[in-house]
Amino acid sequence: MHYQQVVITVTQDQVDQLSDALIENGALSTAIEDANAGNDNEQPIFGEPDMPTEQVWQQSNIVALFDENTDIDSVVSTAAQECAIAKPQYYLETIPEQDWVRLTQSQFDPIQISSRLWITPSWHNQPTQPGVINLQLDPGLAFGTGSHPTTRLCLQWLDKHVRSGETLLDYGCGSGILTIAALKLGVGRACGVDIDPQAIRASQDNAVQNQVRAEFYLPDNLPAGQKFDIVVANILANPLRMLAQMLAERTRTGGEIVLSGILAEQTEELSEIYRQWFDLNSPKTLDGWVCISGRKRA
């Protein structure tokens, strides 16, 4: 069975209504993309907490998928009529049937973080070299598979600095990858925190898959007053600004903090904030992203 994919360019005020109308008239799925992606008019939309965001782009492409027997021209005409807009122009292409699971899996290969630390999807053979530590992690709904520079920077820090028996807090745990890695590297106790319940569930599943005992909490459920030997926060610059005092309070005196999700141009501003509590090391960089670390003063 083949599929038909329709791409329709619409304005900001039409995108939601027309997308819904296409679904109601038989679309199997719809996705919304920046119509200007890749050119000078591309609009970055990040959605950082407490930052003003645009919900959609000024011009968007609605990408709708239909089965091979659908009368596309009729559907587009009917959807436009229901939205009280002129029938839009559209681009149509045929999508051949594929083994989508196998195709998706083929895009994710094992990732080597260091000489001993690997991340391997479950459908790949695990590395068998002596001394290898393997994190089994499949791409899922929560952020963090080890491919992003910020995650790699944090994993490399953990690989070099974690000591047996320490405690660790992973704030903004996503998939739980840093929490799980810390336990496999020898920490005695590791807690992950995320604002997204879906991330908590994904982290719990990943911990079971990796046969480690980790604790995961929504922010309000993290036990009060607990301090940690290591606090890791791989999030974004604005949350790191807002959470600075709390993260410092969660780090024991003499403990270490590891911060990432920071662009190179944000390094000095974030460093200045955290110098209130920490003696900072030289930042580490990878592909324009930065990892800041330091030790908490008495």
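Confidence comes first: the protein in this predicted model has a mean pLDDT of 88, and 87% of its residues reach 70 or more; pLDDT is the predictor's confidence in each residue, from 0 to 100. Residues 46–53 stay under 50, and the model has 12 contacts for them beyond four places in sequence, a contact being heavy atoms within 4.5 Å. Where pLDDT is low, the predicted coordinates should not be read in detail.

A word on conventions. Residues are numbered from 1 along each chain as its sequence is written, and side-chain values use heavy atoms, with hydrogens and water left out. Because the model is predicted, local features need pLDDT of at least 70 and side-chain atom pairs count only at pLDDT 80 or more, while totals for chains, interfaces and linings use all residues.

**The sheet**

Four strands are the place to start: 4 strands make an open, antiparallel sheet in the order 2-3-1-4. Helices (H or I, at least four residues) and strands (E, at least two) are DSSP runs, numbered from the N terminus, and two strands pair if DSSP finds at least two bridges between them. At the edges lie strand 2 (29–34) and strand 4 (90–95), each pairing on one side only. Neighbouring strands are turned by 25° against each other on average, direction ignored. Strand 2 is joined to strand 3 (residues 59–67) by 6 bridges, and Glu33 stands opposite Asn61 in strand 3.

Helix 1 packs on this sheet, touching strand 1 (3–11), strand 2 and strand 3, and its direction makes about 5° with that of strand 3. Helix 2 also packs on the sheet, touching strand 1, strand 3 and strand 4, with about 140° between its direction and that of strand 4.

**Helix pairs**

Axes are lines fitted to C-alpha atoms, for helices over the stretch in contact, and angles run from 0 to 180 degrees between N-to-C directions.

| Pair | Axes | Angle |
|---|---|---|
| Helix 1 (residues 15–24) and helix 2 (residues 72–82) | within 9 Å | roughly 130° |
| Helix 4 (residues 149–161) and helix 5 (residues 177–185) | 10 Å apart | about 20° |

The angle in the table makes helix 4 roughly parallel to helix 5, since angles under 35 degrees count as roughly parallel, over 145 as roughly antiparallel, 65 to 115 as roughly perpendicular and the rest as oblique. Their contact involves Thr151, Cys154, Leu155, Leu158 and Asp159 of helix 4 with Ile177, Leu178, Ala181 and Leu185 of helix 5.

In the other pair, Gln17, Leu18, Ala21, Leu22 and Glu24 of helix 1 meet Val75, Ala79, Ala80 and Glu82 of helix 2.
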